[in-house]
Amino acid sequence: MEGVPYLRVSRCYAQDFRKYLQSRDVLDTSLSFLKGIDETIILPILTKRVSELDIQHLQCRVASDSTCEIIWSEAFKKKKKQQSVVNKLEVALQRLLLESTGEDWTEGLKRDLPRSFERHGDLILLAHDCFSQCIWNKIGDSLWITVAKVLGANRVAKMSCISSNGFRSPVVTMLRGEHSWVTHVDNGIRYDFDVTKCMFSSGNITEKLRVATFDCRGETVVDLYAGIGYFTLPYLVHSGAAHVHACEWNPDAIEALHKNLQINKVSERCTIHQGDNRQLQLYDIADRVNLGLIPSSEDGWPVACRLLKRSTGGILHIHYNVTSTMSNRDCSLENIPAHKRDRETWQVWALDTAKRFTSLLKDTTGTEWRTHVQHIERVKSYAPRVHHVVLDLECRPLVRDNSHKSVSH
């Protein structure tokens with residue numbers, strides 16, 4: 001992956017997290033801390049330790065009500081006598097502003113500078129909350145030439161928001177550079193995509209690493225929300241799936257998916273199905289179905305039931321945003337640790353989901369099924385009590401023996 005991992009935590013708990021990480025040799029002391037948005041601090045962690053980091057356990061041990069999530073960003077090395085990149089950018093833009101407009105530098109302009117950004121090869125993707133003041137428009141192209149030079153890039157783009165076109169396409173503006181295709185590498189897998197048309201979630205790295213550990217040899221996998229291949233490619237490259245059916249309705253993502261399958265030399269083991277996956281004409285084919293859509297993949301649940309092999313069943317990987325209902329005050333009064341409270345909430349959701357799938361499978365196939373919660377994995381947090389989790393749900397058909405007793409395969 002381009003960049004390095006950081007842990008974003010609430011500013012008031014930053015020193016507590018720093019001490020804990022450092023005591024366990026997880027903190028990367030060669031890199032500087034960064035100031036994040038929404039009163040957060042970003043602590044650098046060692047890349048080789050990121051897959052071992054249990055974020056939920058960490059949050060519980062240090063501060064249950066703190067923001068706690070892994071993000072990936074440009075590495076800012078500590079330099080005793082040299083200016084940081086942000087300071088260099090500030091100095092360069094002060095001079096440029098004076099030369100271009102005659103205007104004086106202000107604290108407001110300083111606060112309007114980027115504090116973090118995504119790096120995709122030679123392209124820097126800025127967040128939406130920087131360079132928002134009108135005075136920047138007076139400088140013209142020289143602004144982005146300077147930004148690119150200071151940040152060590154050839155191209156610069158800026159994120160605005162996520163469009164409501166049904167494809168979750170990013171609204172990204174190219175500020176410098178002739179084209180918007182970028183390359184990102186995760187766990188030995190190369191992803192190429194158009195940064196102005198496709199999303200790339202660095203926060204899903206832990207789940208992609210987990211998928212890469214699955215043993216899918218001989219299996220047929222269906223990825224109902226393939227995108228540019230976030231999970232399709234780990235199933236093919238690392239998990240050894242015999243074949244993956246990748247479903248996607250965003251034509252821009254499909255273009256990137258075709259390219260990524262070829263780049264990673266696995267295109268012969270993948271079939272792409274373009275369009276609404278609810279209209280998918282596949283049945284009784286899957287050993288495993290990936291439902292990687294958040295906040296909810298419920299629209300795809302009936303499809304997943306049709307896809308599972310009738311004779312043997314299989315595994316469903318169900319992504320969902322689960323919200324804990326209890327407040328932090330309730331937690332402290334009842335003396336329930338935050339991680340236990342959250343896990344209990346996930347367990348309740350998982351058991352309810354298992355029951356719903358038991359009913360859906362019976363309605364779909366006309367036979368009885370058994371479902372079993374294999375595993376619940378937290379991928380990341382969006383707020384102190386909102387968690388993106390994945391449920392691994394085992395689904396097996398029941399058959400009747402000669403004595404009319406139901407047994408599972």
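Is D342 buried or exposed?

## A residue inside helix 11

D342 is buried, with a relative accessible area of 0%, where buried means under 20% relative accessible area, exposed over 50% and partly exposed in between, computed with a 1.4 Å probe on protein chains only. D342 is found in helix 11 (residues 338–365); helices (H or I, at least four residues) and strands (E, at least two) are DSSP runs numbered from the N terminus. Not counting residues up to four places away in sequence, D342 touches Q56, S324, R385 and H387, a contact being heavy atoms within 4.5 Å.

## Basis and overall make-up

This is a predicted model, in which local features need pLDDT of at least 70 and side-chain atom pairs count only at pLDDT 80 or more, while totals for chains, interfaces and linings use all residues. Residues are numbered from 1 along each chain as its sequence is written, and side-chain values use heavy atoms, with hydrogens and water left out.

The protein has 11 helices and 18 strands, and buried residues make up 49% of its 409 residues. Of the contacts with a separation of 6 or more, 66% are accounted for by residues 24 or more positions apart.

Four strands form an open sheet in the order 2-3-1-4, with antiparallel pairing, two strands being paired if DSSP finds at least two bridges between them. Its edge strands, each pairing on one side only, are strand 2 (34–35) and strand 4 (68–73). Helix 2 (residues 55–62) packs on this sheet, touching strand 1 and strand 4, and its direction makes about 125° with that of strand 4; axes are lines fitted to C-alpha atoms, for helices over the stretch in contact, and angles run from 0 to 180 degrees between N-to-C directions. Strand 1 (residues 4–10) pairs with strand 3 (residues 40–44) in the antiparallel sense over five bridges, and V9 stands opposite I41 in strand 3.

K35 lies in strand 2 and counts as exposed at 52% relative accessibility. Leaving aside its neighbours within four places in sequence, K35 is in contact with T40, I41 and R115. K35 and R8 are 27 residues apart in sequence and 9.2 Å apart in space, C-alpha to C-alpha.

## The second largest pocket

The second largest pocket holds about 370 Å³ of space. On a 1 Å grid over the protein atoms alone, a pocket is an open set of points with protein on both sides within 12 Å along at least five of seven lines, whereas a cavity is a set where a 1.4 Å probe fits but cannot get out; lining residues have an atom within 4 Å of a point. Grid points are joined across faces, edges and corners, and a volume is the space filled by probe spheres set on the points.

This pocket is lined by 21 residues, of which L53, D54, T206, E377 and R378 lie nearest its centre. The elements that give two or more residues to the lining are helix 2, strand 4, helix 6 (205–211) and strand 16 (369–383), and the largest share, six residues, comes from strand 16.

## Strands 14 and 15

Strand 14 (residues 288–291) and strand 15 run parallel and are joined by four bridges, with R288 opposite I315 in strand 15. Strand 15 (residues 314–323) is mostly covered, nine of its 10 residues being buried.
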